[in-house]
Amino acid sequence: MEQTLSIIKPDAVQKNVIGEIISRFEQNGLRIAAMKRIQLSKREAEGFYYVHKDRPFFDSLTTFMTEGPIVVMVLEGEDAIAKNRAIMGATNPENAEPGTIRKDFAESIERNAVHGSDSAESAAFEILFFFAGMEIR
């Protein structure tokens, strides 16, 4: 059973579409193994997105991720990483397929409603960033 991290970002939380997004994961065979609503500090956002620290969008991304609460989840299921990424849609909502989360709820390439791990390695890091082992069931 594969696990992946999913984040409902501040823009989607503010739009009050948390339930709609979670429903899409569940309807596509992903189970929520852990979930919580939190508010990131700038330092925490920088730590989470450290792999992008040399990219020009790093500051605006980490600032955006601290604008309001987020919902972090561990999703689990067969091929959870690929399935989650398909449900989310392309990073740029203009390129996302109809019916994907980003096509339906994203505002822009940066304010794109959700985050999902892109590999087993990043999923392992990201899950441990937000959750202790005892929180995942």
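A: The account below starts with the sheet, then turns to the parts around it.

The model is a predicted one. Its open sheet is built from 4 strands, placed in the order β2-β3-β1-β4, with antiparallel pairing. The edge positions are taken by β2 (31-38) and β4. Each of these two strands has a single partner, so one side of each has no neighbour in the sheet. On average, and with direction ignored, neighbouring strands are turned by 20° against each other.

Strand β1 covers residues 2-8, and β3 covers residues 70-77. These two strands run antiparallel and are joined over 7 bridges.

How much of β1 is buried? Of its 7 residues, 5 are buried, and the strand is therefore largely enclosed by the rest of the structure. The cut-off for buried is under 20% relative accessible area.

Helix α7 packs on the sheet and touches β1, β2, β3 and β4. The direction of α7 makes about 60° with that of β1.

α7 (120-130) and β4 (114-116) also belong to the surroundings of the largest pocket, as the elements that give two or more residues to its lining. The α7 share, 3 residues, is the most from any element. The pocket holds about 520 Å³ of space. Its lining has 21 residues, and those closest to the centre are Tyr49, His52, Phe57, Leu61 and His115. Sorted by class, the lining has 8 nonpolar, 6 polar and 7 charged residues.

Ala113 lies in the loop between α6 (101-105) and β4. The phi angle of Ala113 is near 75°, a positive value in a residue other than glycine. Ala113 counts as buried because its relative accessible area is 0%.

Ala113 is also one of the contacts of Ile101, a residue of helix α6. Ile101 is likewise buried, at 0% relative accessibility. Leaving out residues up to four places away in sequence, Ile101 touches Ile21, Arg24, Phe25, Ile87, Met88, Ala106, Ala113 and Val114. The C-alpha atom of Ile101 is separated by 6.4 Å from that of Gly89, a residue 12 places away along the chain.

Asn16 is another residue with a positive phi, near 65°, and is not a glycine. Asn16 lies in the loop between α1 (10-14) and α2 (18-27).

Terms used: Residues are numbered from 1 along each chain as its sequence is written. This is a predicted model: local features need pLDDT of at least 70, side-chain atom pairs count only at pLDDT 80 or more; totals for chains, interfaces and linings use all residues. Side-chain values use heavy atoms; hydrogens and water are left out. On a 1 Å grid over the protein atoms alone, a cavity is a set of points where a 1.4 Å probe fits but cannot get out, and a pocket is an open set with protein on both sides within 12 Å along at least five of seven lines; lining residues have an atom within 4 Å of a point. Grid points are joined across faces, edges and corners, and a volume is the space filled by probe spheres set on the points. Ala, Val, Leu, Ile, Met, Phe, Trp, Tyr, Cys and Pro count as nonpolar, Asp, Glu, Lys and Arg as charged, and the others, Gly among them, as polar. Buried means under 20% relative accessible area, exposed over 50%, partly exposed in between (1.4 Å probe, protein chains only). Two strands pair if DSSP finds at least two bridges between them. Axes are lines fitted to C-alpha atoms, for helices over the stretch in contact, and angles run from 0 to 180 degrees between N-to-C directions. Contact means heavy atoms within 4.5 Å.
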